[in-house]
Structure formats: structure tokens, C-alpha cells
Amino acid sequence: MDIEKHKPTSDKGFFENLKPVTIPFEEGILQTLKAGDLISLTGVLFTGRDQTHRRLVALLDEGRDLPVNLQGQLLYYVGPSPAKEGQVIGAAGPTTSYRMDAYTPRLLELGLKGTLGKGSRSMPVREAMIKHGAVYFATVGGAGALLSKSIIKSELVAFEDAGPEALFRFEVENFPAVVINDLEGNDYYEMVTAERLGVKYEKTI
Amino acid sequence: MKTVQSSEITAAVKKLAMSASCDLEPDILDAILAARDREKSPLAKNALDMLVTNANIASREQIPVCQDTGIGVVFVSIGQEVFVEGNLEEAIQEGIRAGYADGFLRKSVCDPVTRKNTGTNVPAVIHLEMVPGNMLRIGFLPKGCGSENMSGLVMLPPSAGIPGVEEYVVQKVKDAGSNPCPPVVVGVGLGGTFEKAALLAKRSLMRPLGNPNPDPGVAEIEERILQRINREGQGVMGWGGVNTAMAVHMETYPTHIASLPVAVNIQCHAHRHKEIEL
């Protein structure tokens, strides 16, 4: 590949001027986040996608304990590719979030405070987020190689047999994201639509 | 008659699988760069910049461009004068199995009933086509399913005409929103039957990006749909701007007098596709 020709216009690109956010979330921080804010996440998060969610909710249905305490945590929708020798993790970008919508309200009831993926959420999830004081972030899909550089430690927590759908604990540093749904019920995708149509943005929820 | 050993096929498919996942083809990189250059929305421009950086890191360090290294879709065009020594289907599946294991690619294939992961990324979906000559062409499209899930097919009444076709495609991309990782590539299959339209849509994604359909009438439809999609303004990752789609590829086939099948197969910006000739 011609690296020079394909040089980014800025070395930092998306990583510039981001608002730092520590995870698990500190008291009061979520109130300061507004739909459309660019943020940079640092701290600890858990991962999960389709089968992870199915299993977590199955455990709840059976009245059993979950392998992790989700109180105050951020759940990242990702199924990473395997790490090579010397790597923390393989590619690890976001997967599409709506597939988790069927399960998300149950996890929000447990005190989960944020989710991270790509694409929009259903109305029931948005209502549950407002009810439980949680937010939703998106990051850049298809940038799994670059995003893996913001993951400094990875540890398997549960569901190893699910392969890429296992539950991992990640330590992240300056992981970039956009606030899509804030505590007030704003939705960044709908804000973009309103701007495009030249109409005043009004909350749909 | 030309003889091709099944071991050669396995080796070729393995190589295709490994390189496709980490090295974006120049046509895709050029399209992403062109999108970045015409983008006005600062957030979308930043995201496109990030994709360029991502492609560089992926290629340099041989990390997959995207963690969803897909379910393998393999197009095999086999010349009538080619004799394959051994089992062609098994040779291809073995190449996928080896490529995904040795390339540290994600194994994303599971049983549709039990959802149990096969652990090997096989079976791939193989489309065989007999053609004249003595060449064996293998095209590999590792298909991520964030975009695949946004696809659709409709059997329109012929009265809907081309305006109806265009409307369906535009609406499909609009409904997909930010889910399929825009800027997308839109594959359209028009005509044939139910299954033929779907296959045409998929196959159109193997065309070098942005090359118009050789039929000027079809090329015009492609261009019109592309302009309409990009005027919708959802943009890169749904964050606004002028780059919702990088290209629309349409393939057509004669259809029944009662029918107008339209299939839309959406592909993400990490449009990995490679071909090899044996």
C-alpha cells in the first residue's frame, strides 16, 4: 500500500479535542454528557454481544448470579478477533447495537450505566435508559485495528466456549466515542437528521 | 485439458482469506480517500481519516481491518477445460479453515438453530459457475453481517418500473441508517427470479469499486440511485455529510413478464474482496 498517498490529514484525527470520561462512571459525570459530544474513555469496561447477552439474561431468568457486577459499568458490544503472540487483542471495533435491544432493559435494571456500539437503539431501550439514568455511545465501525490500540489489557471473564462472543474485561485508554443518547433523551442520529432537513430538533421521547 | 490439484486450491483460498482481511484493495482505499476529500461534516471527515489510519495499521501489522472477518462467500468460475484433482468443495473449505486459523481471523460461523459456533469459520458459502476456457477463477468476499443484515429483496409488480426499483433501493439504504457502517457499497440485483436477483446483488460487489455497469442505461440508474442516497445525508456512520454510499453496482438478468425482482445487498466501507486465477 502507498502509505504516503493514504496519509491521514491529521495524525490524531478523531482523537483530538475529546472530553475525557473515566469508567466505571464516576458520580455526576453522566449528567455532563450531551448527545453529539466527542469523548475519550479511560478505565475498565466489559464486553458482550449476541450470545453473551442471551446467556446473561438466561442466568437472570434462572435466578442465578451473573459472572460480573454491572453496577455503574459500561458494556461494549464487540466480538474481537483473536490476539496474536504479543498483542493485547486482535481487531476490536463495535458491532451493531440494535441486536442487543431485546436484552438491554434487563441489564439496565441491574445498574448498568452505559453501552457502546454502533447504530441506533429502539424506543423501549431509550425509555429504559432514561428511567435508569444510562447513556449510549457509538464509535467508528470498521476501524477495529486502530481501536485495538486503545485497549491496553484484555482478560477473559466468562463464556469461553462462545468464542468471540465470550465476556471480556478490557482496560482502555483514550478510547474514542460519540454520545448518541444522553440522560435527557436526546438522540444524536435524530439531531443529524433534523439538521439535514433544516428543521428544529425536537426530542422524540 | 488443464489439471489443477485440490491442494493448490486450498493454498490459494487460504492466502485470499488471510490477505483480504488485512489488506484493503486499492479501489476501496481510493474511494475512502475521495470521500474524505469531498466531505464537509467535520465529524464524518474525522471518521474517514480514522478509516485511512486504520487501513494503514491493518496492513502494516497484519491486524484485520475489522474484527468481523465475515462469513466466507466464494465465487468459483471453473473453465470447462479444467480438471480438478480431488474434491473441489472440500479444498475450498479447507483453505478457509486454514486461513482463519493461521491468520488469527475471527470465527463467526454458527449453527442457525443452536447458535453454536463451528469454531473454524467453515462452511463458507460457495457459488460455482461453469465457464468456457481453461482458467479457474476464485473470488473471495468475507461478508460482515452488520451490513448483510440490512439487505432485502422485493418482488415488485412490473408496473412499478425503474422508478419503483430506485425507490426501493434508496429506502432500503435509508432504513439501514448507521447500522451497516456507511459509507456503504450497494449491490443491486435486478431481474431473473427470487434467488437469481439475490445472487446478482452479491456478485455485483465483486466488481471493482465504482466501475459502472457496461450497459449505459443501467449505469445511469446506478448513478441516479447513488446521487439520491447521498442527498439523504445520513453520512459516514450516520453522523451526517455527503458520503452515505461510495458506489451503487447493479447487475441485471432477463425476468418473467409478470415479475420485477429487486435484491439489495449492502456492504460496509470495509469492503474486502479479492480474486485469484489458477
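Reply: Happy to! Let's begin with a term we will need: two residues are in contact if their C-beta atoms, placed from the backbone, lie within 7 Å. Please also keep in mind that this is a predicted model.

The part I have picked is chain B. Take the contacts in chain B between residues at least 6 apart in sequence: 82% of them join residues at least 24 apart. Arg38(B) and Val242(B) are separated by 204 residues in sequence, yet from C-alpha to C-alpha the distance is 7.8 Å. If you want to find Arg38(B), look in helix H2 of chain B. Is Arg38(B) buried or exposed? Arg38(B) has 12 C-beta neighbours inside 10 Å, so it counts as exposed.

Now step back and view the whole chain. Chain B has 8 helices and 10 strands. Its radius of gyration is 19 Å, close to the 19 Å that the globule rule gives for 278 residues, so chain B is as compact as a globular protein of that length. Along the principal axes, the C-alpha trace of chain B spans about 50 × 50 × 40 Å. Of the 278 residues in chain B, 53% are buried.

Where the two domains touch, 11 residues of domain 1 of chain B are in contact with 9 residues of domain 2 of chain B. On the domain 1 side, strand E2 (71–79) and strand E5 (136–143) of chain B each supply at least two residues. The largest share of that side, 4 residues, comes from E5(B). Sorted by class, the domain 1 side has 7 nonpolar, 2 polar and 2 charged residues.

Next, let's see where chain B meets its partner. The contact between the chains takes 43 residues from chain B and 41 residues from chain A. On the side of chain B that touches chain A, helix H2 (26–38) and helix H3 (42–61) of chain B each supply at least two residues. H3(B) gives the most to this side, with 13 residues. By class, the side of chain B that touches chain A divides into 20 nonpolar, 18 polar and 5 charged residues.

Leaving aside neighbours within four places in sequence, Phe137(A) is in contact with several residues, among them Ile39(A), Leu116(A), Val178(A) and Ile180(A).

With 205 residues, a compact globule would have a radius of gyration near 17 Å, and chain A agrees with its 17 Å. Buried residues make up 45% of the 205 residues in chain A.

Let's finish with one helix of chain A. In helix H3 (residues 123–132) of chain A, Val125(A), Arg126(A), Ala128(A) and Met129(A) are buried. Why can we say that they line one face of the helix? Seen down the axis of H3(A), the buried residues fall within an arc of 160°, so they sit along one face. The face turned away from the buried side of H3(A) carries the exposed residues Met123(A), Pro124(A) and Lys131(A). The cover over the buried residues of H3(A) includes helix H2 (104–109), strand E5 (135–138) and strand E7 (167–181) of chain A. Just after H3(A), Gly133(A) takes a positive phi of about 65°.

Terms used:
Residues numbered from 1 in each chain as written. Chains lettered and ligands numbered in written order. Predicted model: local features only at pLDDT ≥ 70, side-chain atom pairs only at ≥ 80, totals over all residues. Buried ≥ 20, exposed ≤ 12 C-beta atoms within 10 Å, placed from the backbone. Arc of directions from axis to C-beta. Nonpolar A, V, L, I, M, F, W, Y, C, P; charged D, E, K, R; others polar. Rg over C-alpha atoms; globule rule 2.2 N^0.38 Å.
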